[in-house]
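Hello,

Please have it open while you read.

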Amino acid sequence: MTPPPVATYWCESLLVDGVTTVEVRLTVGAHGRITDRADGVPAEPGDIRLGTVLPGLANAHSHAFHRALRGRTHDQGGDFWRWRESMYAVARALSPERYRQLARAVFAEMLVSGYTAVGEFHYLQHQSGGAPYPQAHAMELALATAAREVGIRLVLLDTSYLAGGINTPLRPEQRGFGDGSAAGWLARWARLRDTLDADDAARPAEPALISLGAALHSVRAVPREAMREILAGLPADVPLHIHLSEQPQENADCLAAYGLTPTELLDGLGALCPRLSVVHATHLSDHDLQLLGRNGVTVVMCPSTEADLGDGIGPARAVADAGSPIALGSDQNAVIDPFLELRGLEMGERLASGCRGRFSPAALLRAAGTDGYAALGLGRARLAPGDPADLVEVDARSIRTGGASPDQLVLAATAADVLRVIVAGRLVADNGRLVGTPAAASAADGSPAALLRDALHALDPFDALSSSDTGSFPAAPSPA
């Protein structure tokens, strides 16, 4: 006997792949996936009525703990390497409980802004000195708990981080990121997979929101032979991510050590394939572009972070023309707004080229949604039967969006225009407020801002965010 649907949603209009379809009825099964879709039909009694709807949007690259730096480092000057020292200060202050609080607030902001899934690039696995926490996988479970409490999909990209630079040991402030060796990381990753699987099995009535991926931090932080060992030891179906060519210094160091660009190094290891996503890819050679495109590697660009840190404007049009899908991420979370990220991708191209319309609105929406879902191993996300029932309702009549053509709505909207958000068929956000989840119950009126205030208050007494004398971060030493 077929179980009854969890919910039915009737959409006044549905925008998928640049095509608007009116009067769409979506039926959601108990597993949180769409079991039926009917186009051009009237609403029925019991339907939840929505206006303009997009498929769920994916944040394909996030470091949740960086959110503590928003509004605290922008007057420092310097560059990425100086900013990195401030980031280490926050990392040192986090415990599993403080990270659960902070991640819950960050995930809540993502959710009400229109992100229905997030790939968390996570390397804070151990205590700051490198010792394991008394509870195994304490930080990873803190992130999983935070995501469940909010109701967002989480792909935990557990990250190998073994060196402080090419042929350089971990610095003292990096010791909490390391597992000692590739074998040590692989063994811990396998135990974490078993732990998360058991945790899911213990929650049969809840939607399966947590999945495990993997990441190599960068060619700076994982030696070549360690990368080879990890690539051989990971299951072939696990999504794999890596920071790549974010800074010219990374390219210079890799060329000096190996005689290869970072992309060429990965190619020599057999790492370039469709399951791989490279993050930033700001400084690529023509040969790099060909290698990535030929092998179907996704490039995850983070326009707001790349601008904030002065990384540069990545070659987005060239990446796409070479054959690589593009996904989008919020990275350091100085901005959490999927519409500003997709618009930033296009605006960067316009600034670099002097031409408008480098990407169609449909292509930008695909980068923010379906290609991001694919990069995270979450499958198809086009609101067809079998797809995740992840929906974002956008106000098409706000002061920002009024008058916009439906196919260009995503170039006018911001996170402020997100109305209701549905994940796995369940309503989890409504007009900027969390609803129907543990996080909604624990925050005043479901406010993500209330969760953030509590999280930052828990961090400040530990002197994570400012020095006691000047209120500013310490000056950074020269990068290793």
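A term to begin with: two strands pair if DSSP finds at least two bridges between them. Helices (H or I, at least four residues) and strands (E, at least two) are DSSP runs, numbered from the N terminus. Please note that this is a predicted model, in which local features need pLDDT of at least 70 and side-chain atom pairs count only at pLDDT 80 or more, while totals for chains, interfaces and linings use all residues. Residues are numbered from 1 along each chain as its sequence is written, and side-chain values use heavy atoms, with hydrogens and water left out.

**Around strand 6**

Let me start with strand 6, residues 115-122. Strand 5 (residues 57-62) runs parallel to strand 6, with four bridges between the two. Within this pairing, Ser62 has Glu120 of strand 6 as its bridge partner. Strand 7 (residues 153-160) is also parallel to strand 6 and is joined to it by six bridges. There, Arg153 of strand 7 stands opposite Ala117. Between strands 6 and 7 the chain passes through helix 3 (residues 138-150), making a right-handed β-α-β crossover. Right-handed here says that, with the strands pointing away from the viewer, the path from the first strand over the helix to the second runs clockwise.

Is strand 6 mostly covered or mostly open? It is mostly covered, with eight of its eight residues buried. For accessibility, buried is under 20% relative accessible area, exposed is over 50%, and partly exposed lies in between (1.4 Å probe, protein chains only).

**The nonpolar cores**

A nonpolar core is a set of buried Ala, Val, Leu, Ile, Met, Phe, Trp, Tyr and Cys residues joined through side-chain atoms within 4.5 Å. The largest one holds 128 residues, and Phe65, Tyr99, Leu102 and Phe107 have the most contacts inside it. Helix 2 (residues 96-113) gives this core its largest share, ten residues. A second, separate core has 15 residues, among them Leu14, Val28, Leu50 and Ala389.

Not counting residues up to four places away in sequence, Phe107 touches Ala64, Val118, Glu120, Leu143, Ala146, Ala147, Val150, Ile152 and Leu154. Contact means heavy atoms within 4.5 Å.

**Helix 5**

Which residues of helix 5 (residues 224-233) are buried? They are Ala226, Met227, Ile230 and Leu231. These residues lie on the same side of helix 5 because they cover an arc of only 135° around the axis, the arc being that of the directions from the helix axis to the C-beta atoms. The buried residues of helix 5 pack against strand 7, helix 4 (182-201), strand 8 (210-216), strand 9 (240-244) and helix 7 (262-268).

An open sheet of eight strands has the order 3-2-1-4-13-14-15-16, with mixed pairing. Its edge strands, each pairing on one side only, are strand 3 (34-39) and strand 16 (433-434). Strand 15 (residues 426-430) and strand 16 run antiparallel and share two bridges. In that pair, Leu434 of strand 16 stands opposite Ala429.

**Cysteines**

A disulfide is a covalent bond between the sulfur atoms of two cysteines. The cut-off used is a pair of cysteine sulfur atoms within 2.5 Å. How many disulfides does a search of the whole structure find? It finds zero. For Cys254, the nearest cysteine sulfur is that of Cys273, 18 Å away, and Cys254 is buried at 0% relative accessible area. The sulfur of Cys302 is too far for a bond because the closest cysteine sulfur, in Cys273, is 20 Å from it. Cys302 is also buried, with 0% relative accessibility.

**Two residues with positive phi**

Asn167 is not a glycine, yet has a positive phi of about 60°. Asn167 sits in the loop between strand 7 and helix 4 and is exposed, at 74% relative accessibility. Leu383, also not a glycine, has a positive phi of about 60°. Leu383 is in the loop between helix 13 (370-375) and strand 13 (391-394), and is buried at 0% relative accessible area.

Happy browsing, and write back with any questions.

Best wishes
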